[in-house]
Amino acid sequence: MSKIVLSLGSNIGESKLKLADNLKRAIHLLKEKVSKIVTSSLYETSAVDYLHQANFLNQVALGETNLLPLELLSFVKGIEKKMKSKKLIPKGPRIIDIDLIFFNGLKINHEGLTIPHPEFSKRLFVLLPLLEIEKEFVDPVNKVTIKSYLKSSLYKSQKISLLNLP
């Protein structure tokens with residue numbers, strides 16, 4: 001079994017409850033091929049890179065899978081397709097986005113798949129939820145703690161807040 005870290009986000013829906021439902025549905029669908037899933041709380045975050053869009057709800061999930069990295073990528077892209085998520089604008093609005101952040105401590109540079117995810121250390125919506133569920137997590141490739149990444153000043157423009165839904 002390979003240990004994995006996934007980041008999930010959604011910003012298309014009529015309400016925060018609908019966005020939360022999008023994330024719940026994606027986690028439910030992940031359970032077909034990913035076991036022992038542990039999820040963070042939900043976080044409301046401002047958009048990064050493409051700024052002219054609604055805020056996201058984000059969540060991080062840890063789990064285990066028997067899939068190989070490219071099989072896992074294909075599986076999560078299949079979930080996005082099943083949920084009718086379309087990326088009409090790169091880094092733009094979407095019903096669901098699932099990114100592979102870490103895969104069993106491997107470093108992978110393949111067309112369409114880079115692990116660790118090349119942007120994870122610059123994203124509060126990955127780092128804070130990951131820290132919540134794995135306080136002593138260490139980037140297995142670069143040997144840097146999540147806490148160390150968070151000490152960077154890269155995040156001043158990113159807004160993030162823990163979301164409490166009924």
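The radius of gyration of the protein is 15 Å, which agrees with the value near 15 Å that a compact globule of 166 residues would have, where the radius is taken over C-alpha atoms and the globule rule is 2.2 Å times the number of residues to the power 0.38. The structure is a predicted model, in which local features need pLDDT of at least 70 and side-chain atom pairs count only at pLDDT 80 or more, whereas totals for chains, interfaces and linings use all residues. Residues are numbered from 1 along each chain as its sequence is written, and side-chain values use heavy atoms, with hydrogens and water left out. Along the principal axes, the C-alpha atoms fill a box of roughly 40 × 35 × 35 Å.

The secondary structure comprises 4 helices and 8 strands, assigned as DSSP runs numbered from the N terminus (helices, H or I, at least four residues; strands, E, at least two). Read from the N terminus, the order of elements is β-α-β-β-β-α-β-β-β-α-α-β. Of the contacts with a separation of 6 or more, 68% are between residues 24 or more positions apart, a contact being defined by heavy atoms within 4.5 Å. Buried residues account for 48% of the 166 residues (buried, under 20% relative accessible area; exposed, over 50%; partly exposed, in between; 1.4 Å probe, protein chains only).

Phe102 and Phe120 form an edge-to-face pair, at 4.9 Å centre to centre and with 70° between the planes. This pair links distant parts of the chain, 18 residues apart, since Phe102 belongs to strand E5 (residues 97–103) and Phe120 to the loop between strand E7 (113–115) and helix H3 (124–133). The ring centres of Phe102 and Phe137 are 5.1 Å apart and their planes lie at 45°, so this pair is tilted. Because Phe102 lies in strand E5 and Phe137 in the loop between H3 and helix H4 (146–150), the pair ties together parts that are 35 residues apart in sequence. Phe102 counts as buried at 3% relative accessibility, and Phe137 likewise counts as buried at 13%; Phe120 is also buried. Phe102, Phe120, Phe137 and Tyr149 form one aromatic cluster.

Methods:
Phe/Tyr/Trp six-rings, centres within 6.5 Å; stacked < 30°, edge-to-face > 60°.
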